[in-house]
Amino acid sequence: MKELILVGTIVRPHGVRGKLRLMSACSVETLRRLREVCLMDPAGGQRWVRLRKASPLRRRTVVLELEGVASFEEARSLVGRSVWMRRADLPPLGEGEYYWADLVGLRVVTRDGRQVGQISAVMSTKAHDVFVVKANGREHLIPAAEEVVKRVDLAAGVMVIDPLPGLLEE
């Protein structure tokens, strides 16, 4: 398990007083529980900062207020940085629930053992989450629905699915 979990990416300043727009990979409720976040630059440098406020703006966009970022220029200098949180700050999960970060990289196989590919990303849609599964230059979109996903075994690194008719067709 990784120590840090991706929260999102800073996409632009929001206003002139140092607020930031974050393309979020987690819920605003999760962000609101955090005391601090890690800003990571493209070269891998890290800086932990206190999170003062997180407010929803649009579906996947959150406005962040960080301690020490008080001007448009300071906010603009952070555009493109990824924002991370400690895994220990995540709330506990219920039975059958998983964090997206733990699912990315799992092998996906059908009940009869057919290799489908590897989860490269998870997307949120209005109906349910969708797993992006890649293999041999192909991409499959697998719905995260009980009738499709039959078993997740994080220890073995595998997700077993029972694909709906036509789901894996060429």
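The count of aromatic pairs is zero, where rings of Phe, Tyr and Trp (its six-membered ring) pair if their centres lie within 6.5 Å. This is a predicted model, in which local features need pLDDT of at least 70 and side-chain atom pairs count only at pLDDT 80 or more, while totals for chains, interfaces and linings use all residues. Residues are numbered from 1 along each chain as its sequence is written, and side-chain values use heavy atoms, with hydrogens and water left out.

**Charge over a ring**
- Arg86 lies over the face of Trp48, at 3.9 Å from the ring centre; the criterion is NZ of Lys or CZ of Arg within 6 Å of the ring centre and within 35 degrees of the ring normal.

**Nonpolar cores**
- A nonpolar core is a set of buried Ala, Val, Leu, Ile, Met, Phe, Trp, Tyr and Cys residues joined through side-chain atoms within 4.5 Å, and buried means under 20% relative accessible area with a 1.4 Å probe, protein chains only.
- The largest such core holds 23 residues, and Leu31, Leu64 and Leu66 have the most contacts inside it.
- At least two residues of this core come from each of S1 (4-14), S2 (19-24), H1 (28-33), S3 (36-40), S4 (46-56), S5 and S6 (82-86); helices (H or I, at least four residues) and strands (E, at least two) are DSSP runs numbered from the N terminus.
- Another core, of 15 residues, lies apart from it and includes Ile119, Val133, Val152 and Met159.

- Glu65 belongs to strand S5 (residues 61-66) and counts as buried because its relative accessibility is 17%.
- Beyond four places in sequence, Glu65 is in contact (heavy atoms within 4.5 Å) with Lys19, Arg50, Leu51, Arg52 and Lys53.
- Val130, in strand S9 (residues 129-135), is buried, with a relative accessible area of 10%.
- Not counting residues up to four places away in sequence, Val130 touches Ala121, Val122, Met123, Thr125, Leu141, Ile142, Pro143 and Ala144.

**Largest pocket**
- The largest pocket contains about 1,200 Å³ of space; a pocket is an open set of points on a 1 Å grid where a 1.4 Å probe fits, with protein on both sides within 12 Å along at least five of seven lines.
- Its lining comprises 41 residues, of which Tyr98, Tyr99, Trp100, Val122 and Asp129 are the closest to its centre; lining residues have an atom within 4 Å of a point.
- S11 gives the most to this lining, with four residues.

Key. Buried means under 20% relative accessible area, exposed over 50%, partly exposed in between (1.4 Å probe, protein chains only). Rings of Phe, Tyr and Trp (its six-membered ring) pair if their centres lie within 6.5 Å; planes under 30 degrees apart count as stacked, over 60 as edge-to-face and the rest as tilted. Grid points are joined across faces, edges and corners, and a volume is the space filled by probe spheres set on the points.
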